[in-house]
Structure formats: C-alpha cells, structure tokens
Amino acid sequence: MKLNLKFVFFAMGILLFSGCGELGGNRTIRLAHGLDVNHSVHKAMVKMGEDLKELSGGKMVLEIYPNQQLGTERQCLELLQIGSLDMTKVSVGTLENFAPKMKVLGLPFLFRDRQHSFDVLDGPIGQELLNDGEQYWLKGLGYYDAGSRSFYTKDRPINNPDDLAGLKIRVMESVTAMDMVKDLGGSPTPISWGELYTALQQGVVDGAENNPPSFYLSRHYEVCKFYTLDEHTVLPDVLLAGTHLWESLSQEEQSWLKKAVDGSIGYQRKLWAESEDEALAEVEKAGVEIIRPDKTLFSDKIKDSFDKYKEDEVIYKLIQEIQATK
C-alpha cells in the first residue's frame, strides 16, 4: 500500500515532540482517532485511559489525539503499521482496505438486528477477524458500537431505492460501501470524513450515509434536511494497536490494557444507545425530516448481493457462519 510520506513525516514529528513512549519507567501510549470529543467513542477512550492508569498504578498512560489531529483513519492505520503511532479507532469500512476479511462486516443487511451483530462480534467470528489483522501489523482489541448507517440528503427525500437514482452519495473508501450504493441505484463518491461538510455545501455530493450520532455531531444536518432510516449496514468501529506496541508489552501490561479496553467497550455501548436517541431528537428539532421507510424495499433490491462472493470461499464461508449465528 502506497504511503503518503509527506503526511507520515509530519505526524511523526508531532509524535516525537509530544514525548517518547517510555519516560522514567512509565509508558505513554498514543491513541489517535477522527471523532469529536463529545462522541461516545472518545468518552469511552477517556475512561479507558483512567482505568489503565489505575490498573497499572500509573505505569501506563493513554494520550489521546481526537478530531483527525494526526490524520484520517487511513493515515492513522498507516502510522500504526510503521510503528509511529500506538493505537487508533477506525471504521470497518476503512479497515477492509488493510485487512480484507473485514469487508464481510460491511455487507448490507447482513445482521438480523443489533443483538445479532453483538453476538457475532463478541463471539469466535469477531475474534477471528480481529486476529486476522495481525499479519498486517494491526492488533485488533475489540469493537465499539457504531449503530446502523442510513442515507441523508440535501434536496430530496429517499423513500425507496428508486429515489437514489442520479444522486451522488458520499461513501468511505470501501469497496463494499461503493458496491452497495451502486446496487441500490446511486452513484458512490468516496470523500474523507473531514471534507464532507464542505462537499455537501458545495454540491460535490447530494448526500451521504452514516449513523445518527455522526450525522448530528458533524452538523451535517445543517445542510441535509432528509434522513432516511433504512439502516442498510451495521458497521462497527474497531479499536486497534500496532503490533509493534503489543509485542513490546509484557504479559502484565497486555493484561492491563486489555482489561481497560474491555471496560471501555461496555461503557461506550451504553453511551451509544443514549446518543442515538438524543441525536435523532436534536436533528428533528433542527428541521430534519426523519423518514422511516419500508426497509424490505431496500433489502429486496440487493438480496442477491451475497451471491457475488461465492467464488471467494473465505468471505462466503464467513457470510454463512454469520447468518447461522443464533
């Protein structure tokens, strides 16, 4: 994968000036992500840092860089791979470009409901996918809840898939996301999250797709006044450490970090449920029309989309195992 060397050197400079990994017998772990500080993920990371400090008796400290301070999700993953960053949080949609098995989680209408997704992610299938990233220098630590993704648009509502015809819809740099929008009749347009507000304002795209808290906290509701809750994908966020960090930790340090991570996951999922309700209430208050369509109109249109993976034995087997999970 081609690295943006100019960006890498810039970010490395920030990290070097912010201090070394170990000072005075203490270890500072640097975690970067692209979300707002009011997001449930960031709040969970703050808790993780507090728990880690307590568990380690102050020997391990978490230093958090939010709001894309150290780059986009893709750039943070690149920094992880070369050992210039310790931890990050990315969407599965971005991660699939680095750890190909992860793309199975981005398939539309894969999960029956939220509990089904948790059963898969917290079970052997989820662990298998996390473990698979190690060959790409990415140690998967767990999944944060990122809810369900739905469409939002500027100028006209989406009541059924036919309404997507001719619309440019922003997607992540994800093949599965692009295929999904194409299959539903729209025109997928990859744009980084940090550039999306301006792209919507200027008409570069007609809409986007994301979960309610992201729609609200990004203030995209100021531009897009239609939000269609078709809930086409349940796309989790993944918390990762670079293998350079993980392999440098003692077993005791790994235990402290994993315990702090696990505590943050439960905490984040609770906050997430609360933030979804708040986000929908706030955007509706701001004049957004919330549309609750017949979801089967969307799922039926792409019901054969899994068949294209029959030639990929690994992914098709995962699809079958996920569907069979009770």
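Why does Ser117 count as buried? At 1% relative accessibility, Ser117 falls under the 20% limit and therefore counts as buried. The model shown in these views is predicted.

Figure 1. Helix α5 covers residues 114-121 and includes Ser117. When residues up to four places away in sequence are not counted, Ser117 touches Phe111 and Val234. The relative accessibility of Ser117 is 1%, so the residue counts as buried.

Figure 2. Helix α13 spans 313-324, and Thr325 is placed in the segment after it. Thr325 has a relative accessibility of 17% and therefore counts as buried. Residues up to four places away in sequence being left out, Thr325 touches Arg112, His116, Asp119, Val120 and Ile125.

**Figure 3. The largest pocket and its lining.** The volume of the largest pocket is about 500 Å³. Its lining consists of 28 residues, and those nearest the centre of the pocket are Glu73, Thr94, Arg170, Met172 and Trp193. Sorted by class, the lining holds 15 polar, 7 charged and 6 nonpolar residues. At least two lining residues come from each of α3 (73-81), β4 (87-91) and α4 (92-95). Strand β4 gives the most to this lining, with 3 residues.

**Figure 4. Strand β4 and its two pairings.** Of the 5 residues of β4, 5 are buried, and the strand is mostly covered. In a regular strand the side chains alternate between the two faces of the sheet. In β4, Met87, Lys89 and Ser91 point one way, while Thr88 and Val90 point the other way; all are buried. Strand β2 (residues 26-32) runs parallel to β4 and is joined to it by 2 bridges. The pairing of β4 with strand β11 (residues 237-242) is antiparallel and has 5 bridges. Thr88 takes part in both views of the strand: Ala32 stands opposite Thr88, and Thr88 also stands opposite Leu240 in β11.

**Figure 5. Strand β6 between its partners in pairing.** Strand β6 (residues 148-153) is largely enclosed by the rest of the structure, because 6 of its 6 residues are buried. Ser148, Ser150 and Tyr152 point one way from β6, and Arg149, Phe151 and Thr153 point the other way. With β10, strand β6 pairs in the antiparallel sense over 5 bridges. Within that pairing, Phe151 stands opposite Thr228. Strand β9 (residues 207-210) is joined to β6 by 4 bridges, and these two strands also run antiparallel. Here the bridge partner of Ser150 is Asn210 in β9.

**Figure 6. Leu217 in helix α9.** Helix α9 is formed by residues 212-217 and includes Leu217. The relative accessibility of Leu217 is 30%, so this residue counts as partly exposed. Leu217 is in contact with Asn38 and His39, its neighbours within four places in sequence being left aside. Between the C-alpha atoms of Leu217 and Leu35 there are 9.0 Å in space, although the two residues are 182 residues apart in sequence.

Figure 7. Most residues other than glycine have a negative phi, and most peptide bonds are trans. Asn67 is not a glycine, yet has a positive phi of about 55°. The loop between β3 (60-65) and α3 holds Asn67. With 40% relative accessibility, Asn67 counts as partly exposed. Glu231 likewise has a positive phi, near 50°, in a residue other than glycine. Glu231 is placed in strand β10 (residues 226-234). At 33% relative accessibility, Glu231 counts as partly exposed.

**Figure 8. Helix α11 and the glycine just after it.** Helix α11 runs over residues 251-285 and has 35 residues. From its first C-alpha to its last, α11 reaches 50 Å, close to the 51 Å expected at 1.5 Å a residue. Just after the helix, Gly287 takes a positive phi of about 100°.

Definitions and conventions. Residues numbered from 1 in each chain as written. Predicted model: local features only at pLDDT ≥ 70, side-chain atom pairs only at ≥ 80, totals over all residues. Heavy atoms only, no water. Buried < 20%, exposed > 50% of the residue type's maximum accessible area, 1.4 Å probe, protein only. Contact = heavy atoms within 4.5 Å. 1 Å grid on protein atoms, 1.4 Å probe; cavity = no way out; pocket = protein on both sides within 12 Å on 5 of 7 lines; lining within 4 Å. Points joined across faces, edges and corners; volume = space filled by probe spheres on them. Nonpolar A, V, L, I, M, F, W, Y, C, P; charged D, E, K, R; others polar. Pairing = 2+ DSSP bridges. Expected span 1.5 Å × (residues − 1).
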